[in-house]
Amino acid sequence: MRLSEVGMERLLRISSAFIILGLVVEIISLLWYHPLSFVLFAFIGISLIGLGILVYLVSLAFVASRSTDSHNST
Amino acid sequence: MIAMLVVQIVLSIILASIFLIRPSVTAGTGWKILAFIGLCALPFLCIVGGMNTHMQRSEQTQFCISCHAMVPYGQSLYVDDPSYLPAQHFQNHRVPADEACYACHADYSIYGPLKDKMRGLTRIYMQYVSSPPNPIRIPGGYQNSQCLHCHLGARSFEENQIHAAVMDSLKSNQMSCLTSGCHDTAHNIAQLSHVKFWRPGQ
């Protein structure tokens, strides 16, 4: 397994972890009927999910740059 | 609506868990597509759905009066006195009973709900960090647009001679519906211990 693949897998793991955490926060905020539940979702839930999506998109860019590099070297 | 959002969240968690445990599965094309769905498309839909649900929930009367400072304002909706404007609107269903606060305290411009939410955040700060003012005052005063949103165009409102005489001042907010001596009893929470309350169903 190449180093770049390990890096890609790590990014996917980080992205998944952020998304799972964010979604758990979202579930808690939906079950908790309180004004603070909106704050919990808006500031913590959305940030975690958004960060997860961002890391996933970075991993896609990582793959794209890797395939461009290998194409140039051939 | 919420059931569909929960299904989306659960599905998204299942997919994300697969990529958390075995990220190497994304080597296959089908899994790449699933990764895009599970780590980008579905979570994004969950954000949109969650935001929508929270926005709708915060329009509920029960949501507003769940803050300690708002409890007397909720009680004032049950005052058995027609001169109490919010009580009169609430008890006669001139506003939806389950969205009574939102009906009269929302900015109806295009960014209204968002502006109200931002303002609501300062209320939450007051509730938990500092202390809410007593009585609570609306920044900039109560805008006539909140009343005119429903009343403008209504026959009984427009044919009223007093309203017709001051219509331009009402529309331009130069004359307040509430503080110009016409409809001047709103929540009046300082007097709640001296008033009679209406009990629904009695």
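## Backbone

B:Asn188 counts as partly exposed because its relative accessibility is 33%; the classes are buried under 20% relative accessible area, exposed over 50%, and partly exposed in between, with a 1.4 Å probe and protein chains only. The structure is a predicted model, in which local features need pLDDT of at least 70, side-chain atom pairs count only at pLDDT 80 or more, and totals for chains, interfaces and linings use all residues. Residues are numbered from 1 along each chain as its sequence is written, chains are lettered from A and ligands numbered from 1 in the order in which they are written, and side-chain values use heavy atoms, without hydrogens and water.

Although B:Asn188 is not a glycine, its phi is positive, at about 45 degrees. The residue is found in the segment of chain B that comes after α11. B:Asn173 also lies in the segment after α11 (167-171) of chain B, and its phi, near 70 degrees, is likewise positive in a residue other than glycine. Most residues other than glycine have a negative phi. With a relative accessible area of 28%, B:Asn173 is partly exposed.

B:Ser172 is another residue of the segment after α11 in chain B. B:Ser172 counts as partly exposed, since its relative accessibility is 43%. Between B:Ser172 and B:Leu192, which are 20 residues apart along the chain, the C-alpha atoms are separated by 32 Å.

## Overall form of chain B

Chain B holds 11 helices and 0 strands, where helices (H or I, at least four residues) and strands (E, at least two) are DSSP runs numbered from the N terminus. The radius of gyration of chain B is 23 Å, whereas the globule rule gives 17 Å for 202 residues, so the chain is more spread out than a compact globule. This radius is taken over C-alpha atoms, and the rule is 2.2 Å times the number of residues to the power 0.38. The C-alpha trace of chain B spans about 75 × 40 × 35 Å along its principal axes.

Two domains are given for chain B, domain 1 (2-57) and domain 2 (71-194), with bounds from an automatic or database domain assignment. Taken over C-alpha atoms, the centres of these two domains are 41 Å apart.

Of the 202 residues in chain B, 34% are buried. Among contacts in chain B with a separation of 6 or more, 57% are between residues 24 or more positions apart; a contact means heavy atoms within 4.5 Å. Chain B exposes about 12,200 Å², and carbon and sulfur atoms supply 61% of that area. Accessible areas come from the Shrake-Rupley method with a 1.4 Å probe, and for residues only the protein chains shown count as cover.

## Nonpolar patch

B:Ile2, B:Val6, B:Val10, B:Ile14, B:Ile18 and B:Trp31 together form a nonpolar surface patch of about 450 Å². Patches are made of residues with over 30% relative accessible area and no salt bridge, joining like charges within 9 Å and nonpolar side chains (Val, Leu, Ile, Met, Phe, Trp, Tyr) within 5 Å. A salt bridge is a side-chain nitrogen of Lys or Arg within 4 Å of a carboxyl oxygen of Asp or Glu.

The most is given to this patch by helix α1 (residues 2-21) of chain B, with 5 residues. B:Trp31 belongs to helix α2 (residues 29-57) of chain B. The relative accessibility of B:Trp31 is 34%, which means that B:Trp31 counts as partly exposed.

## Two residues and their contacts

B:Leu20 is found in helix α1 of chain B and, at 31% relative accessibility, counts as partly exposed. Not counting residues up to four places away in sequence, B:Leu20 touches A:Arg13, A:Ser16, A:Ala17 and A:Ile20.

B:His89 has its place in helix α5 (residues 85-91) of chain B. B:His89 counts as buried, because its relative accessibility is 14%. Leaving aside neighbours within four places in sequence, B:His89 is in contact with B:Arg94, B:Val95 and B:His151.

## Chain A

Chain A has 2 helices and 0 strands. Of its 74 residues, 38% count as buried. Among the contacts in chain A between residues at least 6 apart in sequence, 70% join residues at least 24 apart. The accessible surface of chain A comes to about 4,100 Å², and 72% of this belongs to carbon and sulfur atoms.
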